[in-house]
Amino acid sequence: MPTIYDIAKHAGVSAGTVSRALSRPEKVLPETRARIEQAVTALGYMPNAAARTLKTQRSGKILVTVPDIANPFFAQILQGAEEAAQAADYAVLLGDTQHLPEREERYAQMLRRNEADGLIVLGHRLPPTARQIVRQRGAAAPVVNGCEFDPALGIPSVHIDNAAAARAAMEHLYALGHERIAVVGGPPDNPLHRQRLEGVKVAARARGRMRQLQLVPGDFSVESGHAAACTWLDRPAPPTAAFCFSDQMALGVLAACREHGMRVPHDFSVVGFDDLASSRYLSPPLTTIAQPMREIGMRAVNLLLAIIAATQTPLQQTLDFSLMLRGSTAPPPA
């Protein structure tokens, strides 16, 4: 591989001039810079990324950790993150943590070693190394949360108002006339579960329906939604509707309804959360809460890059959600 000394010899300049032309081109005369660029092209020179990192203390990479890469919810967020990073000439490193603390910590250590300039956490936990960096650097710490907003983390975040979104979903079912509603939640320690459950309870109290609520735990997966529905569909006087804290769980509920001979929405109504790309193509199309997943990814990257560049920007960004009314909800059967 050619070096800057080969470039210097080919262009008839010093190695220091080549280095300045590559790192700070505005400091080099245009005609000299042109000769150096021609030499770079002729010799096929590629800058040494490791050397550049040592000199600038910037890697040109950002790290995004995902709790479960198999969950389609994260796909659109990652697309948005990649788009924003590419526009800023950054590369994205992806870490699939599988909800394992040891994996989360291993990726966070990359930040300490300057293998990445910043970290975006799409889960709800901060590993010890990331917590230490936040304590040391405060608001200047290049650590951002996306999606699973938890104020206790004390870091910048991009998210929606999950409590308000859940309240809107419940109010839709109550307005249709449903009184007995099953709620398929997430893991109890997950902030999304806690925030959405808060919205559910606000809506239920306003209607005087707290005693009719049936809360069934889940883990945001199709399988947990199916298992939850099977616990109530065989009971006498089952609920007439279900609000699921993810579209994946709603898909499992729809499958259980088919197996039990219940027609949706004639016999049973289902509401999801997320508005995955496939949700509108289900049979029937799923009523759900839409959150701007692609925009969450883009905003999280732009927020992180603003922190790295020490540019003032809102550190907590709450985006809009929408209730998408489709064919999976209707008034309860008489």
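Okay, a definition to start: two strands pair if DSSP finds at least two bridges between them. Strands here are DSSP runs of E, at least two residues, and helices are runs of H or I, at least four residues, numbered from the N terminus.

Now, what you're looking at is a predicted model, where local features need pLDDT of at least 70, side-chain atom pairs count only at pLDDT 80 or more, and totals for chains, interfaces and linings use all residues. Residues are numbered from 1 along each chain as its sequence is written, and side-chain values use heavy atoms, with hydrogens and water left out.

Let's take the sheet. It's open, with six strands in the order β2-β1-β3-β4-β5-β11, paired in parallel. The edges are β2 (91-96) and β11 (316-319); each has a single partner strand, so one side of each has no neighbour in the sheet. On average, neighbouring strands are turned by 20° against each other, direction ignored. For angles, axes are lines fitted to C-alpha atoms, for helices over the stretch in contact, and values run from 0 to 180 degrees between N-to-C directions.

Zoom in on β5, residues 157-160. Four bridges tie β5 to β11, in parallel. I160 sits opposite L319 of β11, and H159 has T318 as its bridge partner there. Towards β4, the pairing is parallel over two bridges, with G146 opposite V158.

So what covers β5? Both faces are covered: S157 and H159 on one side, V158 and I160 on the other, are all buried. Buried means under 20% relative accessible area, with exposed over 50% and partly exposed in between, using a 1.4 Å probe and protein chains only.

On to the cores. A nonpolar core is a set of buried Ala, Val, Leu, Ile, Met, Phe, Trp, Tyr and Cys residues joined through side-chain atoms within 4.5 Å. The largest has 69 residues, and W232, F243, V253 and F268 touch the most other members. Helix α12 (residues 293-308) gives the largest share, nine residues. There's also a second, separate core of 15 residues, including M110, A116, L126 and L153.

α1 (residues 4-11) and α2 (residues 15-23) pack at about 105°, axes 8 Å apart. That makes α1 roughly perpendicular to α2, a label that covers 65 to 115 degrees. Who makes the contact, meaning heavy atoms within 4.5 Å? I4, Y5, I7 and A8 from α1, and A15, V18 and L22 from α2.

Notes
Angles under 35 degrees count as roughly parallel, over 145 as roughly antiparallel, 65 to 115 as roughly perpendicular and the rest as oblique. Contact means heavy atoms within 4.5 Å.
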